[in-house]
Amino acid sequence: MFFEMFFLGTKEVRGMADRIYMDNAATTPIKKEVLDAMMPYLTEEYGNASSIYAQGRSAKSALDKARETAATAIGAKANEIYFTSCGSEADNWAIKGAAMGWKDKGRHIISSAIEHHAVLHTLEYLEKNGFEVTYLPVDEFGMIRLDDLKKAIREDTILITIMFANNEIGTIEPIGEIAKIAKENKILFHTDAVQAVGHVKIDVKELGVDMLSISAHKIYGPKGVGALYVRNGIKLDNFMHGGAQERARRAGTENVAGIVGFAKALKLATDDIEENIEKLTTLRDMLIDGISERIPFCRLNGHRTQRLCNNVNFSFEFIEGESLLLMLDMKGVSASSGSACTSGSLDPSHVLLSIGLKHEIAHGSLRLSIGDFTTKEEIEYVLDVLGPIVQRLRDMSPLYEEIERGIRNV
Ligand SMILES: *Cc1c(COP(=O)(O)O)cnc(C)c1O
């Protein structure tokens, strides 16, 4: 029945150019300034940064500048920035590198139940290899409790890894306080800041984190490049073995164009961050308030205020998230039902289950992540189409019919 309806509606599909992109937490388009900065290194400036002749020196100089720019953007020193192939690699390196480097001191790691799979699956791998992991639960808003963290710390705890902000529900964790607790107990602290960068003001020195992961394609940079900030003096085993690139800590010929684009994107994302946060927060709240007012039986997931300025996540009772996504797609709107990694699988998101949602409610969830190109008109359009879509889907639900007729209580 669903499919008939979907295909009848395909005439309504809008062209790619006028689509409304509300999945910026999955990836972002490259900004023009970023592409312009990259172009020379994709064309004439093709040297290997390790070569001593002119082209090599030019690539090396571009890398040095990019490293300086990236460091400044997060309050680090240039020699604390290590470029990687993506955010996932940065997470893998921080966690496996710390585990291997510190295994003689202990084999216990503390994390949270709502981490990105780049962290969770890395920890699962370590668990199969003799490490023990405590996954802190979160409250109904997705926040860890500092008391739980303190209680989880053991003599043999070597690493705490807790994300800065959640990619599905947007909750921002108390990173400064976690860093303080880690420091008091002489435990390394890593945070996956892939979603937070550009949406939260970040100064690694002020925060006191030891390691922090970033990815370029979530902040209008190219795909396939990221960075790990590693505070000076931190012992960390290598993850990529090979040549002496990245001060002999991360092998592989540098992705010069990608790194230059990444640095440019990071600079753009942090230069006017306060204004940008304000602008996005206004748009985000228009969406949140509009949905809450117009659609009955819905629930905002995540924290109301300790929340990423670009994240909106709702659960709608009596509907299927996948059907909702397909119908939004037909109306030209790109969104997500949670996390890109879980779509295609029938398991509800581990994040939504962790905040206490029942399976059937978690299944009816929608993430709208706005971005620098989102307009007020787009928000209004989404608000206009979402209500009727939810209603159409509910009209097909026998359960909802009973609720409407007053036979059943919610
Ligand atoms: C996207 C994302 C990653 C992975 O980054 P990639 O560059 O895509 O590998 C890791 N953590 C979080 C929170 C993310 O949102």
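Guide: Let me begin with a rule: two strands are said to pair if DSSP finds at least two bridges between them. Please keep in mind throughout that this is a predicted model.

Visitor: What makes β3 and β4 a pair?

Guide: Strand β3, residues 108–112, is joined to β4 by five bridges, and the two strands run parallel. Since the rule asks for at least two bridges, five are enough, and therefore the strands count as paired. One of these positions can be named: I110 has T134 as its bridge partner in β4.

Visitor: Which helices pack on the sheet here, and what do they touch?

Guide: Helix α4, residues 87–102, packs on the sheet and touches β2, β3, β5, β6, β7 and β8, its direction making about 160° with that of β7. Helix α7, residues 175–184, also packs on the sheet, where it touches β5 and β6 and makes about 160° with the direction of β6.

Visitor: In what order do the strands of the open sheet lie, and what makes a strand an edge strand?

Guide: The open sheet has seven strands in the order β2-β8-β7-β6-β5-β3-β4, and the pairing is mixed. An edge strand pairs on one side only, and this is the case for β2 (81–84) and β4 (132–136). From one strand to the next, the twist averages 20°.

Visitor: Why is strand β12 called largely enclosed?

Guide: Buried means under 20% relative accessible area, and five of the five residues of β12, which spans 365–369, are buried, so the strand is described as largely enclosed by the rest of the structure. The burial applies in both directions, with S365, R367 and S369 pointing one way and L366 and L368 the other.

Visitor: How do you know that β10 is enclosed, and what does it pair with?

Guide: Six of the six residues of β10 are buried, and therefore β10 too is largely enclosed. On one side these are N311, N313 and S315, and on the other V312, F314 and F316. Strand β10, residues 311–316, pairs with β12 in the antiparallel sense over five bridges; V312 stands opposite L368, and S315 stands opposite S365. Strand β9, residues 298–300, is also antiparallel to β10, over three bridges, and there L300 has F314 as its bridge partner.

Visitor: Is α12 mostly covered or mostly open, and how do you know?

Guide: Mostly covered, as seven of its 10 residues are buried, namely G321, S323, L324, L325, M327, L328 and M330. Just after this helix, G332 takes a positive phi of about 85°.

Visitor: What makes the angle between α3 and α10 fall in its class?

Guide: Helix α3 (residues 54–74) and helix α10 (residues 256–271) pack at about 25°, with their axes 9 Å apart. An angle under 35 degrees counts as roughly parallel, and these helices are therefore roughly parallel to each other. The crossing is left-handed. Residues of α3 in the contact include A59, L63, A66 and A73, and those of α10 include I259, A263, L266 and K267. The whole contact divides into 11 nonpolar, two polar and one charged residue.

How values were computed. Residues are numbered from 1 along each chain as its sequence is written. This is a predicted model: local features need pLDDT of at least 70, side-chain atom pairs count only at pLDDT 80 or more; totals for chains, interfaces and linings use all residues. Side-chain values use heavy atoms; hydrogens and water are left out. Buried means under 20% relative accessible area, exposed over 50%, partly exposed in between (1.4 Å probe, protein chains only). Helices (H or I, at least four residues) and strands (E, at least two) are DSSP runs, numbered from the N terminus. Axes are lines fitted to C-alpha atoms, for helices over the stretch in contact, and angles run from 0 to 180 degrees between N-to-C directions. Angles under 35 degrees count as roughly parallel, over 145 as roughly antiparallel, 65 to 115 as roughly perpendicular and the rest as oblique. A crossing is left-handed if the near helix is turned anticlockwise from the far one by less than a right angle, and right-handed if clockwise. Contact means heavy atoms within 4.5 Å. Ala, Val, Leu, Ile, Met, Phe, Trp, Tyr, Cys and Pro count as nonpolar, Asp, Glu, Lys and Arg as charged, and the others, Gly among them, as polar.
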